[in-house]
Amino acid sequence: MFDKNKFFQTDLVCPVCKAKFKQLKLKTSAFRIKTRDIDMCNTYEGINPNLYSPVVCPECGYANLDHSFQNNLSDVVITLLQKELPKSKLYKIDVTGERDYVRAIDAYEQAIYCANIAGHSASLLAGIYFRMTCLAKSFGSSDEDEYRQKAIEFYEKAYDHEEFPLGGKMSQTLVEYMIASMYFKLNKLEQAIYWLNFSISRDPKGLTDPKAHAMIKELWMTVKSVIKNK
Ligand SMILES: [Zn+2]
């Protein structure tokens, strides 16, 4: 049942059509992180915040993750989006309110559609697919691994072509961990080992990010024990 005490509304302006609208957001008190798995997906008590991460303009359908939604777009990109968005699934569809899993996935897919048209960075797409992976996992969807594979693809692309910290936040070592751990979850152990070895030989003392380096070493031990028991 919808509990309005767990939400608040933010005022947003769409960077494409300039429409003003209100987006439902979760209060931080509405959920609590219970555990963080090896693949960096959290399990939550309360409402899963990944349901509300993508924002979609109810007028033109422009979508992006909430922290990037109001970023400025060039005139060329705006013109392109204005031309393409009327053909998209969520054009003039309002998903600013309460969401279930299916509605949230629609919103993420709309954000991917827009990112491809706008030429957004690989790291942004990686972040979208990573959130979809964790959401699918928490709802027991069979799409989990398909999203994870796409997240890997875009993290690898971002690793090769973007500067660290990725998206202003993720250290090089943390990205190496993310890729290795996702390969591990897909049971692609060779690729996981490649990234773990690469990370340890690139920065043997873990100077780039000591916390992520410790996670790399812990994951290495886990992978080793899996290989031993095979
Ligand atoms: Zn709009």
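Visitor: How many aromatic pairs does a search of the whole structure find?
Guide: The search finds 12 aromatic pairs, where rings of Phe, Tyr and Trp (its six-membered ring) pair if their centres lie within 6.5 Å, and planes under 30 degrees apart count as stacked, over 60 as edge-to-face and the rest as tilted. One of them is formed by Phe 21 and Phe 69, which is edge-to-face at 5.8 Å centre to centre with 85° between the planes.

Visitor: And where do Phe 21 and Phe 69 lie?
Guide: Phe 21 lies in strand β2 (residues 20-26) and Phe 69 in the loop between β6 (63-65) and α1 (75-84), so the pair ties together parts 48 residues apart in sequence. Helices (H or I, at least four residues) and strands (E, at least two) are DSSP runs, numbered from the N terminus.

Visitor: Before I go on, what kind of model is this?
Guide: This is a predicted model, in which local features need pLDDT of at least 70 and side-chain atom pairs count only at pLDDT 80 or more, while totals for chains, interfaces and linings use all residues. Residues are numbered from 1 along each chain as its sequence is written, and side-chain values use heavy atoms, with hydrogens and water left out.

Visitor: OK, salt bridges: what does the count come to?
Guide: The count comes to 17 salt bridges, a salt bridge being a side-chain nitrogen of Lys or Arg within 4 Å of a carboxyl oxygen of Asp or Glu. Including one between Asp 66 and Lys 25 (3.7 Å, N to O), these contain a link between distant parts of the chain, with Asp 66 in the loop between β6 and α1 and Lys 25 in strand β2, 41 residues apart.

Visitor: Switching topic, how is the chain divided?
Guide: There is a domain 1 (4-162) and a domain 2 (165-230), with bounds that come from an automatic or database domain assignment. Their centres, taken over C-alpha atoms, are separated by 26 Å.

Visitor: What area is buried between domain 1 and domain 2?
Guide: About 1800 Å² is buried there, with carbon and sulfur atoms giving 73%; buried area is the accessible area (1.4 Å probe) that two parts lose on being put together, summed over both. On the side of domain 1, Ile 38, Tyr 155 and Tyr 159 lose the most area to domain 2, together 41% of what that side buries.

Visitor: Which side chains meet in a salt bridge at 3.4 Å?
Guide: Those of Asp 37 and Lys 185 do, N to O, and the count between domain 1 and domain 2 is one salt bridge.
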